[in-house]
Amino acid sequence: MQLFEHVACTVCGCVCDDLQIVVDEGRVKSCVGACRLAEPWFLGQESRRPPVALVDEQPVPLEAAIGRAASILRAASSPVIYGLSRSSTEGQRAAIALAERIGATIDTNASLCHGPSLIAIQEVGEVTCTLGEVKNRADLVIFWGSNPVETHPRHMERYSLLPPGKFLPGGRADRTLVVADVKRTSTTDVADIFLPIEPGKDFEVLTVLRSLVRGVPVKQTASIGAPLGLLEDLAERMKKCRYGVVFFGLGLSMTGLGRQNVAALLLLVRDLNDHTRFCARRMRIPGDVTGADMVLAWHTGYPFSVNFARGYPRYNPDEFSAQGMLEREEVDACLLVGSEGMSRFSERARAYLRRIPTIVLDYPTIESLIVPTIRFTTAVYGIHRTGTAYRMDGVPIPLRAFLPSDYPSDCEVLKRIEEQFVSYENPALPVNTVS
């Protein structure tokens, strides 16, 4: 048996890096510190061993599949690369390089989750922080449209509610937890204050809170979306706390007015900084969706829905989202770097995806929702390969490898596909000279 300490988990956006993994005979035997989402993920590794490459559901050598994938992408006039949230910085960079090489559209899972939040941040800005700051300073914690007890089981334990901090030695006793949601959840059960919001009224509630914080009188009417007394109390708590933070989830960004909801929240947080220190943070769900957005922004200036068809990056979330292009049947080939994200696609988008050539790069334990033209099975970052994942607050976390694997990483597969284009465009250039 061998013990690996300080192992990071990429199941959710918390990227907890304090796990202890026990390995025996090439299998994970136990994972100390893992939550109920992470434990089956780790214990299930090596439970399936699909072929490294399948073409039309038939096993083929890796090089043959790479050649076929390059042929599909070379013949496409409007290819799309989508996913990246289960990858690592290295794989994400390789996907962007390939997209630029072939003039593809590249999109991340953010377009179907926190895309509206990213647009709102571009419009009005963001007052932000790290989870370390939250742990050490935040005496008022608000979850808005989020249920972390279910989606991020260790968030409260490690960062936002329970741990003692430098300026909060009492831990839970020094913090007030507020949950704003349209219904009671597992998180409201542990909250000090529950703010019930009428469905579709987040924008109205946030606008009223902003008015109260700015000293503008508000009358109770049916249209404000929540009890005025609770809103007045919350506004006072927000102004008087020493350090406040609001974590918002898809219950805010993907309902009602979408990005306008998030913009209203960000403007409220900005106004609160006239009274105290207050921050806002998105609750990111897939493991490295934050990294996918950041790496794409490094390379192109834009976080998602980027098109390279003209030889330079263009950004338009309505025009270049993967789902939108599939629904409009504007795509003639699709490469999925992690097919889990397509579960959020509309049925219309999935139906069209089944009609076009598809290339999927997936971990061994993942079964795709479609039968792809080509499937590559790739090594798992943080288990078989080292790498880097970004926590929901934008902090990079190193990923360790503790199990051997013969599978290539998605970075290796994507680079080898790109090499096919380099050798095609420059026949005199040996393929093995491309790094």
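# Briefing: sheets, buried charges and salt bridges

In this predicted model, three strands form an open antiparallel sheet in the order β1-β2-β3. The edge positions belong to β1 (2–7) and β3 (27–32), each with a single partner strand, so one side of each is left without a neighbour in the sheet. Neighbouring strands of this sheet are turned by 25° against each other on average, direction ignored. A second open sheet is formed by nine strands with mixed pairing. The points below cover both sheets, selected helices and loops, and the charged side chains.

- Strand β1 pairs with β2 (residues 19–24) in the antiparallel sense, over four bridges.
- Within this part of the sheet, Val 7 has Leu 19 in β2 as its bridge partner.
- The loop between β2 and β3 contains Glu 25. Glu 25 has a positive phi of about 55° although it is not a glycine. Most residues other than glycine have a negative phi.
- Glu 25 counts as exposed because its relative accessibility is 76%, and the cut-off for exposed is over 50%.

- Strands β16 (residues 358–362) and β17 (residues 374–377) pair in the parallel sense over four bridges. Leu 361 stands opposite Phe 376 in β17.
- Helix α12 packs on this sheet, where it touches β7 (105–108) and β13 (306–307). The direction of α12 makes about 145° with that of β7.
- Ser 305 lies in the loop between α12 and β13. The phi of Ser 305 is near 50°, a positive value in a residue other than glycine. With 0% relative accessibility, Ser 305 counts as buried.

- Asp 288 is located in the loop between β12 (277–282) and α12 (289–300).
- Asp 288 is buried yet has no salt bridge. The nearest side chain of opposite charge belongs to Arg 284, 9.1 Å away, whereas a salt bridge requires the nitrogen and oxygen to lie within 4 Å.
- The side chain of Asp 288 does make a polar contact with the side chain of Gln 92, at 2.9 Å.
- Not counting residues up to four places away in sequence, Asp 288 touches Leu 84, Ser 85, Ser 87, Ser 88, Thr 89, Gln 92, Thr 388, Ala 389 and Tyr 390.
- Arg 284 itself forms a salt bridge with Asp 293, the closest N and O atoms being 2.7 Å apart. Both Arg 284 and Asp 293 are buried.

**Other salt bridges**

- The count comes to 26 salt bridges.
- Arg 36 and Glu 150 meet through their side chains in a salt bridge (2.9 Å, N to O). Arg 36 lies in the loop between β3 and α1 (38–43) and Glu 150 in helix α6, so the pair ties together parts that are 114 residues apart in sequence.
- Arg 36 counts as partly exposed at 45% relative accessibility, and Glu 150 counts as partly exposed at 36%.
- Glu 347 and Arg 354 also meet in a salt bridge, at 3.5 Å from N to O. Glu 347 is partly exposed at 46% relative accessibility, and Arg 354 is partly exposed at 46%.
- Salt bridges that share partners join Asp 17, Asp 18, Arg 154, Glu 157 and Arg 158 into one network.

- Helix α4 (residues 115–124) has seven of its 10 residues buried, so it is largely enclosed by the rest of the structure. The buried residues are Gly 115, Pro 116, Ser 117, Leu 118, Ile 119, Ala 120 and Ile 121.
- Just after α4, Gly 125 takes a positive phi of about 85°.
- Helix α14 (residues 322–327) includes Gln 323, which counts as buried at 17% relative accessibility. Not counting residues up to four places away in sequence, Gln 323 touches Leu 112, Arg 344, Phe 345, Ser 346 and Ala 349.
- Pro 153 sits in the loop between α6 (148–151) and α7 (155–160) and is partly exposed at 24% relative accessibility. Among the residues Pro 153 touches are Cys 35, Arg 36 and Leu 37.

Note on methods. Residues numbered from 1 in each chain as written. Predicted model: local features only at pLDDT ≥ 70, side-chain atom pairs only at ≥ 80, totals over all residues. Heavy atoms only, no water. Helix = DSSP H or I, 4+ residues; strand = E, 2+ residues; numbered from the N terminus. Buried < 20%, exposed > 50% of the residue type's maximum accessible area, 1.4 Å probe, protein only. Lys, Arg positive; Asp, Glu negative; His and termini not counted. Polar contact = N/O pair within 3.5 Å; in protein donor to acceptor, adjacent residues only side chain to side chain. Contact = heavy atoms within 4.5 Å. Pairing = 2+ DSSP bridges. Axes fitted to C-alpha atoms, helices over the stretch in contact; angles between N-to-C directions.
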